[in-house]
Amino acid sequence: MAHPAFTGRPTPAAMVALIAAQAFCALFFITDVLTDLGEAGGKPTTHLLIEAMAAATLVVAIFLETRLMLDLFARKARLETSLKEASRAVFDVIEAHFDDWALSPAERDVASFLVKGLSITEIAELRGNKEGTIKAHLNAIYRKSGTRNRAELMSAVIDTLIDADVSGDA
């Protein structure tokens, strides 16, 4: 597996380490320029001017990178908040369907696993039931929801999400 710094997406820690290394280099160059300037009797040479410009450019780059990184952290936080809100909204829509369909607690549990994409075998293992029990719950869920299978059940839920999004935009 490639190191995060070489995948095109450096980690926040790698970015902080890079900025810290750049800050160390900038400090070194600035100190060197000031020392050389003192040794030259306060008269800047072409070499000192180039070194000073390189140090100044490095300092500007550090400030820009830091600002960009902080902006990215803030954007990431906003996106994570939006994702949590969207997840809650999806959960609320699914729960509203379960309420409308008057599912029993066991049926709600099975339907939740079904919506998450688990197989009958996986649902039975998680609930500690036999597959026949899960199939009986599924038949009740399909009957109460007016659907015939997992695909139709998911379609009913997704259609509500799409309709809510479309009506929210209008």
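In this predicted model, W101 has a relative accessibility of 11%, under the 20% limit, and therefore counts as buried. F98 is also classed as buried, because its relative accessibility is 0%. The rings of F98 and W101 form an aromatic pair with tilted geometry.

Two aromatic pairs are present in the structure. The other one joins F28 and F29; its planes stand at 65°, over the 60 degrees required, so the pair is edge-to-face. F29 has a relative accessible area of 31% and is therefore partly exposed.

| Aromatic pair | Centre to centre | Angle between planes | Geometry |
|---|---|---|---|
| F28 and F29 | 5.9 Å | 65° | edge-to-face |
| F98 and W101 | 6.2 Å | 40° | tilted |

Two packed helices are described by the angle between their axes and the distance between the axes. Helix α2 covers residues 46-100 and helix α3 covers residues 105-115. Their axes come within 11 Å of each other and cross at roughly 140°, which means that α2 is oblique to α3. The crossing of these two helices is right-handed.

On the α2 side, the contact is made by I94, E95, F98 and D99. On the α3 side, R108, A111, S112 and V115 contribute. By residue class, the contact of α2 with α3 consists of four nonpolar, one polar and three charged residues.

How values were computed
Residues are numbered from 1 along each chain as its sequence is written. This is a predicted model: local features need pLDDT of at least 70, side-chain atom pairs count only at pLDDT 80 or more; totals for chains, interfaces and linings use all residues. Side-chain values use heavy atoms; hydrogens and water are left out. Axes are lines fitted to C-alpha atoms, for helices over the stretch in contact, and angles run from 0 to 180 degrees between N-to-C directions. Helices (H or I, at least four residues) and strands (E, at least two) are DSSP runs, numbered from the N terminus. Angles under 35 degrees count as roughly parallel, over 145 as roughly antiparallel, 65 to 115 as roughly perpendicular and the rest as oblique. A crossing is left-handed if the near helix is turned anticlockwise from the far one by less than a right angle, and right-handed if clockwise. Contact means heavy atoms within 4.5 Å. Ala, Val, Leu, Ile, Met, Phe, Trp, Tyr, Cys and Pro count as nonpolar, Asp, Glu, Lys and Arg as charged, and the others, Gly among them, as polar. Rings of Phe, Tyr and Trp (its six-membered ring) pair if their centres lie within 6.5 Å; planes under 30 degrees apart count as stacked, over 60 as edge-to-face and the rest as tilted. Buried means under 20% relative accessible area, exposed over 50%, partly exposed in between (1.4 Å probe, protein chains only).
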